[in-house]
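Subject: Handover of a structure, with notes

Dear colleague,

Please find the structure below, followed by my notes on what was found in it. I would be glad if you could read the notes with the model open beside them.

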Amino acid sequence: MTKPKLRIGMVGYGFMGRTHSNAFLTAPRFFDLPRQPELTAICARDRGRAEAFAQNWGYGSVETDWKALVARDDIDLIDIAAPNDTHMEIAIAAAQAGKMVMCEKPLGRSSAESQKMVDAVEKAGVANMVWYNYRRIPAVSLAKQLIDEGQLGRIFHYRAKFLQDWTISADLPQGGEGLWRLDKAVAGSGVTGDLLAHCIDTAMWLNGGIDKVTAMTETFVKERAHTLTGKVEPVGIDDACAFLGRFSNGSLATFESTRYARGHKALYTLEINGEHGSIFWDLHDLHRLEYFDHRDEGLTRGWRSVHVTDGDHPYMDKWWVPGLSIGYDESFTHQAADFIMGLDGKAAAPTFADALKTDKVTDAVLKSAETGRWETAT
């Protein structure tokens, strides 16, 4: 039986454009979806590069103006994989045109922008989702299952860190393609909105809302040449951030992120400690979940390393035989599949409204770093 198509218009052909494109191509090959995703159009300012991208990934057409893409009658879903300063305008226009909208994280450069995006999709009644992909790594999904089943009991502590080292050189410029994350006007913030947003989304998904935070940030290199102007300009983003938080359930949180941790390219770890046990996860060993059960009184009690590849583990019945792991890219495949399956039932999370909660926390973190006080995060 021929399935109805989900005609996708992608905005952006960078790193995230590639991951999203791969996800839409892969998802129907492993999941029984109610609609068949079709890569209908890619939109980017450089036509030549966009055409090369379209040929490589199988897009049917190219646009160089996102407004023209949004206006097309043959597009059902607008997927925003462009820099942060484009998210709000494109998402609102897409919603007003009756299109479904998916958007890279963070949703907006601030919770004020994100609120406008939430209002637009809810007023239009269109399906929406934000690409917080780490929720859908099977080991992290298994952690969620264990917590929801009460295996850890009352949660006392949540700690997460996301460490990189790629901006240490003072000679690295800011702005422009590839380096827009160092330009506050485009990115909104530095590691807080880029890296810690991932940690915060996962934390609240696993452990509930965060009520208040106290934070410190640092910009180690105060000035950088700007790629577009050629001038040396002040750096407005945060190179590093550390904050404490209190969850609504009473547990305590510590979060840390930096781009100045020499030797770390993408070290994302999380640990949760509860009354009955603990769990630990490391992106560098993403198919394993470390689990400690205090109720195990056997002689071999201790931490166990669970290889999350069996058919009864989250998502793994769709892949290979037990023992064969999957990777980072499959988390996007899972998200694409969940979004499409949610079109015929309960909408898959995180929606724009869910992502707004994360942006409210990042706003509170940045505010606290300025005021030196505890700030509410709701």
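A residue is called buried under 20% relative accessible area, exposed over 50% and partly exposed in between, with a 1.4 Å probe and protein chains only. Helices (H or I, at least four residues) and strands (E, at least two) are DSSP runs, numbered from the N terminus.

This is a predicted model, in which local features need pLDDT of at least 70 and side-chain atom pairs count only at pLDDT 80 or more, while totals for chains, interfaces and linings use all residues. Residues are numbered from 1 along each chain as its sequence is written, and side-chain values use heavy atoms, with hydrogens and water left out.

Overall picture

The protein chain has 10 helices and 17 strands. Its radius of gyration is 21 Å, close to the 21 Å that the globule rule gives for 378 residues, so the chain is as compact as a globular protein of that length; the radius is taken over C-alpha atoms, and the rule is 2.2 Å times the number of residues to the power 0.38. Along the principal axes, the C-alpha trace spans about 65 × 60 × 40 Å. Of the 378 residues, 54% are buried, and the accessible surface comes to about 16,500 Å², with 50% of it belonging to carbon and sulfur atoms (areas from the Shrake-Rupley method with a 1.4 Å probe; for residues, only the protein chains shown count as cover). If one takes the contacts (heavy atoms within 4.5 Å) between residues at least 6 apart in sequence, 70% join residues at least 24 apart.

Six strands form an open sheet in the order 3-2-1-4-5-6, with parallel pairing, where two strands pair if DSSP finds at least two bridges between them. Strand 3 (61–63) and strand 6 (128–130) stand at the edges with a single partner strand each, so one side of each is left without a neighbour in the sheet. Neighbouring strands of this sheet are turned by 25° against each other on average, direction ignored. Strand 4 (residues 77–80) and strand 5 (residues 100–103) run parallel and are joined by 4 bridges, and Asp79 has Met102 in strand 5 as its bridge partner.

Helix 1 (residues 15–30) packs on this sheet, touching strand 1 (5–11), strand 2 (36–43), strand 4 and strand 5, and its direction makes about 160° with that of strand 2 (axes are lines fitted to C-alpha atoms, for helices over the stretch in contact, and angles run from 0 to 180 degrees between N-to-C directions). Helix 9 also packs on the sheet, touching strand 1, strand 2, strand 4, strand 5 and strand 6, and its direction makes about 160° with that of strand 6. Thr333 lies in helix 9 (residues 328–342) and counts as buried at 1% relative accessibility; leaving aside neighbours within four places in sequence, Thr333 is in contact with Ala23, Thr26, Ala27, Phe31 and Trp319.

The mixed sheet

Nine strands form an open sheet of mixed pairing in the order 16-15-14-13-7-12-11-8-17. Its edge strands are strand 16 (304–307) and strand 17 (375–376), each of which pairs on one side only. Strand 7 pairs with strand 13 in the antiparallel sense over 8 bridges, Lys161 standing opposite Thr269 in strand 13, and with strand 12 in the parallel sense over 7 bridges, where Leu163 has Thr258 as its bridge partner. Strand 14 (residues 277–282) and strand 15 (residues 288–293) run antiparallel and are joined by 4 bridges, and Ser278 stands opposite Phe292 in strand 15.

Helix 8 (residues 191–207) packs on this sheet, touching strand 7 (155–163), strand 8 (210–218), strand 11 (240–247), strand 12 (252–258) and strand 13, and its direction makes about 155° with that of strand 7. Just after helix 8, Gly208 takes a positive phi of about 90°.

A buried aspartate

Asp359 lies in helix 10 (residues 352–371) and is buried, with a relative accessible area of 2%. Beyond its neighbours within four places in sequence, Asp359 is in contact with Pro106, Leu107, Gly108, Ser110, Ser111, Ser114 and Tyr132.
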